[in-house]
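Have the viewer open as you read.

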Amino acid sequence: MGAYILRRILISIPVLIGITILGFVALKLSPGDPLLTSVNPEVLANLMANPELLQAERARLGFDQPVFPNQYFRWLGNVLQGDLGFSITSRRPIVDEIGARLPQTLLLMVVSLTLAICIGIPIGVITAVRQYSKLDYGLNAAAIFLASTPVFVLALIAIYVFAVNLHWLPTGQVHTVGRTDLLDLVHHLILPASVLAIVNAAPLIRYTRASMLEVLNTEYVTTARSKGLVNRLVIGRHAFRNGLIPIITIVAFLVPEAVAGAVITEQIFAWNGMGQLAVKAAGARDPSLMMGIILMTGVAVLAANIVADIGYAIADPRVRYDAAK
Amino acid sequence: MRARLPVLLAVVALLGAACQSATPSGTPTTSSAPQSSAPASAPASQAPASEAPESEAPESAAPSGDGGETVLRFARISDFLPSIHPADLGTGNQELMADIVFSTLVDVDSDEVTILPDLATEWTASDDATTFTFNLHPDAVWSDGEAVDVDDVIFTIAWSAQNPTAFKQIPVTMWTNVLGGDAVVGTTDIPEGLNRIDDHTIEITLKAPDSTFLRQIAGAVYYILPEHLLADLTAEEALTCGFCLGTVGETIGSGPFDFSESISAGGATFTAKQDYWKGKDSEIDTLVYKIQESNVSVAQLAAGELDLVIRVPPAEGPGLANTPGLEQLNVPGVGIFNINFHNGNTDKALRQAIAYAINRPETIEQVLGGLATINYTIPPGFTVYDDINRYEFDLDRAKELLAESSWDVNQTFRLALLAEDPNFTVPAPALQQYLQDLGLTVELTALPTAPYSALIQETDDFEAFLSFGGSEGVGWFQSGIYYDCDGLGTSQLKLSDERGECIYTEQFEAAAAVTGDAQDAILHDLALDLNENLPEIYLWQPNYLHVHSDRLGGDFTIYPNERESFQKILDWTYAP
Amino acid sequence: MTQLNDPGALPASMPELELASQPIGSGTPQAIDRQVSPRRAAVRRFFRYRLAIVGVIMLSVIMLLALFAPLLTPWPSNFVDFAAGARQPPSAEHVLGTDVSARDIWARVLYGGRTSIIVGFGAVALYLVIGTLFGLAAGYYGSFVDQAIMRFTDTIMAIPPLLLIIVFVSVVGPSIASVIVVIGLLGWPVTARLVRGQLLVLRESEFITAARVIGVPDRTILLRHMVPNILGPLTVVATFGVATAVLLESSLSFLGLGVRPPEASWGNLITEAVSPVVLTMLPWQWVPAAIAITATVLAVNFIGDGLRDALDPRAAKSR
């Protein structure tokens, strides 16, 4: 098991490097003076007054050197020390900007993913067990329909119905102005989390259904049934256990979004998270902010994949040995 | 089934953990320079260890909160620059905050003309409008207890004269025009026009007569700075120091409120001072100021989460008409929407052709729903004299002029605009269509703020650009800063290239030197000149819509130049 | 079936997923219809899936509408109708009313459809080509090249697509062309993996080894054996890819980071709807475009499902 984990981590390293290259490319391709995003604004203000010092600083930071490999490795060194540069729109360090937004995004995504799983998997199981029934067709159709609707349309409709017409829920934001209590937070969380949960549940339903069906039709399940084992036990113990594997995969795929934030949902609900930050950064052409978001997201995704691989290995011991191939 | 229970437990645990980390995030900490930006959701209830004296935080924002505490929650448009020092005061939001936390020598009333006392209780002006004497209020103090006296006034004016290039946004011409101001640039000397009579009396002499002096120093950029805190501030530090960024505990002012939450991209919070030196405390205890997108503000208004929104998009008016307890003020705006030409574009025939080709009344009526006031191609704030050329829509005349011009119709006419502002994007297709009817091939380039500014300030890749803003409609003198040869950097202002000399500045100064009919005569000539020669086509002034709760009363009113409305905050009441 | 529908992006098809979801020794052998050629059998299976037919009809209608736009409306998409005025409700002259700038909405929906459909198909075409080339290179050359390309695909797949696209579009500036290119450049990994997977299977198979031993040139092997095998899954991937691309483009344009006004695209026709007044009082402004996007994506998904069933009968059993 330990060797397996180690192997998975080692494979991730080139990908990690690839992500840093991607982020660096995004940074370098953006127009604008790189000095603005690398130097502390307080220091920069003093430098601007003195052209010689400015030139010296440019040289010191290596901006006159070839982009690759020199500038890249220097930049990488900074990143590893926690220096992601400065945002040109707010003049504050990127780590602060991202740090301020991350909790809101994590909250939204954890809740919506959990909801999606709680809705999607049971429904997927039900439709698989009751294959070809009216319930199956109905739920399936609903799933396809929901998966085809753009998320911003769903969100707008949800706001229209629940917030504007019925006045049950607020139209957006994390908190009501001036309030900080948990109840208020939950009140504001319901709509965006539900919209996201529905959007994520649709493909989850279909995958769960498909994998459950594969398993249910296999010989050893039919054998178990013919042995007279109670149906529920069969489903619960054998089918579900085997169906767990693709589900772990899917959850691992849904997790990347947890860090990037639901870009569109956050925008519509004015949810103060990473996704909204990304859109602002893109609109303002703020290169280091975008680079910082890419880096953070990539690293988190890799971590999630490794955890998922571990989950795999726990659920299905064969994976540990097959992976060695 | 069995697998579900662990999932449920995990959910609960995750939810709990996530909530823990979510709510207290971004709690503003004190004094350390650059604050991490607190998210818009940052709890206003935590202003720990703040050094500002009576800063308390509200427990809830219910208007009549616990213990009868009054909280005013308001919002304005989403412009944001992270600074409050005059050197970097570029947006209406910053000016509004400066009015809340600082004091100017005088204020202006809601008619935008009558001068009211602020730091100065009395003042006199010499007959030639060159020398002004101010008596400061004897009890005026800063938040940290230090007295406000003439030293602060001298410091403020002298620093501005010594460091004129520090001012990146609005030039403080009233201060730099003090007698001897030119001589002290780059030094630490005091201009000779500043004469200290005693601790609370100062006499200011200008280098030339200026009858607009009193009115202009009521503007937020002219607020008085604390000498005891900023004496050693360099020009570069003015952009980034703790005081300069609006930081709790560091930004010390003499105004009726203090910061209880530092400035961030989401806004700020203010607490009223107790025993304010003017003898009257604000009846509103806390101000919660939100800087956010308009649609968020509108939604919050409708839900009762905001009490006042200044500059709601006028088109949102009908949607708010059904919300009880709200009143709407739909007024002509003081900002002007216009077409600016690249300063290398000296072809008057082309500009006039375009002016004749755009049917302004039709656009205002049919596209803007009547929510704008037409402008007759002179700066707003000027009287519309009878002999001004109104450039009424005349396509034939326009085509004649185009033929006379040196414009090659095979060339593309590139028009740049701001992508995110409906004031630009809504009429842009109409403008494009008029120009195409004229025979031009128009290419619209819509950009977000940063690239748009970069395009028009640093490149030549455009023929013209749309712009909106300013507060020129307040009065004729407000236009003066735009026609200064040193300008603000945007390309339309290098007017000296046209004539080889900075003629408009002289005319503005001449108008300021006199009053009455003499002034009117100069302004009349100036208007005719600008009407003919200015490389800008003024189109219209979009309306402003302000929406507020009907609980706001007392002397509450929104000024034509809405950002100045908070000068009278002490006279507002908020009924529970 | 997948949507890159904002978050929750499940990839179009994951060979690993399918591999992982099979317990060892699964499946009952399928009876093969020996009388009819495999292609005709596939077509028959496709048409047995009713929703696929519905999808084909819907998509055809939509594409015809977009194609014949000038015949279906007298108004150009950017024409400002001063006489009618802005924000007008549906009327005889303007069947869906006018938008905030006094332009006809029905015209903009039609012409916007052209944009959205072009982007959808264009991006997919682009990444099919790129992905196939990379996949062939990876599978054919193996070892280092293969590993490098696979790590490259892992890298791209590690970042959520919408985020990556937003970043790069903002770097190059938004426009129709840049959106097509960026979606294309970031969508090829799945295709590449598919192609590579097929190639690897071929390399292992005995009769290919035999063919090579005989001396059949590689190119012939590729053409005659790989291409037919891969055409099926590739078509399925491409179809779902179109759905994804249309959703991506509309999301980008909605955010203002894709096709910019005054050009019309279904996404940017909905941007106005964040304004409370437009959302509640002027539904004709945004609802038509919303329906258009949903209908198109739905149709494409139906077709994709049908194709997948038609081309992989084993999967059909678990439907």
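On one side of helix α11 of chain B, D396(B), A403(B) and E404(B) are exposed, where exposed means over 50% relative accessible area, buried under 20% and partly exposed in between (1.4 Å probe, protein chains only). Helices (H or I, at least four residues) and strands (E, at least two) are DSSP runs, numbered from the N terminus. The model is a predicted one: local features need pLDDT of at least 70, side-chain atom pairs count only at pLDDT 80 or more, and totals for chains, interfaces and linings use all residues. Residues are numbered from 1 along each chain as its sequence is written, chains are lettered from A and ligands numbered from 1 in the order in which they are written, and side-chain values use heavy atoms, with hydrogens and water left out.

## The other side of the helix

Which residues of α11(B) are buried? Within its span of residues 395-404, they are A398(B), L401(B) and L402(B). Seen down the axis of α11(B), these buried residues fall within an arc of 100°, so they line one face of the helix; the arc is that of the directions from the helix axis to the C-beta atoms. An α-helix has 3.6 residues a turn, so residues three or four places apart point the same way. The cover over the buried residues of α11(B) includes α9 (348-357) and α13 (428-438) of chain B, with contact taken as heavy atoms within 4.5 Å.

## Nonpolar cores

The largest nonpolar core has 108 residues, and W75(A), I166(C) and I270(C) touch the most other members. Such a core is a set of buried Ala, Val, Leu, Ile, Met, Phe, Trp, Tyr and Cys residues joined through side-chain atoms within 4.5 Å. Helix α10 (residues 218-255) of chain C gives the largest share of this core, with 12 residues. Leaving out residues up to four places away in sequence, I270(C) touches F152(A), V153(A) and L156(A) as well as F254(C), W286(C), A289(C), A290(C) and I293(C). Another core, of 81 residues, lies apart from it and has W142(B), W159(B), M174(B) and V178(B) among its members.

## Strands in chain B

Strand β9(B), residues 267-272, has six of its six residues buried, so it is largely enclosed by the rest of the structure. In a regular strand the side chains alternate between the two faces of the sheet. Both faces of β9(B) are covered, with G267(B), T269(B) and T271(B) buried on one side and A268(B), F270(B) and A272(B) buried on the other.

Strand β15(B), residues 412-418, has five of its seven residues buried, so it too is largely enclosed by the rest of the structure. Two strands count as paired if DSSP finds at least two bridges between them. The table sets out the partners of both strands.

| Strand pair | Bridges | Direction |
|---|---|---|
| β8(B) (257-264) and β9(B) | five | antiparallel |
| β9(B) and β10(B) (286-291) | five | antiparallel |
| β15(B) and β16(B) (441-447) | seven | parallel |
| β15(B) and β17(B) (464-469) | two | parallel |

β8(B) and β9(B) form a hairpin with two residues between them, and D258(B) stands opposite T271(B) in β9(B). Toward β10(B), the bridge partner of A268(B) is Y289(B).

## Salt bridges

How many salt bridges are there over all chains? The count comes to 21, each being a side-chain nitrogen of Lys or Arg within 4 Å of a carboxyl oxygen of Asp or Glu.

The side chains of E112(B) and R215(B) form one of them, at 2.7 Å from N to O. E112(B) lies in the loop between β2 (106-108) and β3 (115-117) of chain B and R215(B) in helix α5 (residues 213-216) of chain B, so the pair ties together parts that are 103 residues apart in sequence. E112(B) counts as buried at 5% relative accessibility, and R215(B) counts as buried at 8%.

In chain C, R108(C) and D99(C) meet in a salt bridge of 3.6 Å, N to O. R108(C) is buried at 2% relative accessibility, and D99(C) is buried with a relative accessible area of 8%.

D154(C) and R151(C) also form a salt bridge, with their closest N and O atoms 2.2 Å apart. The two are three residues apart in helix α6 (residues 143-158) of chain C, separated by about one helical turn, and both are buried. Elsewhere, R76(B), R311(B) and E562(B) are joined into one network by salt bridges that share partners.
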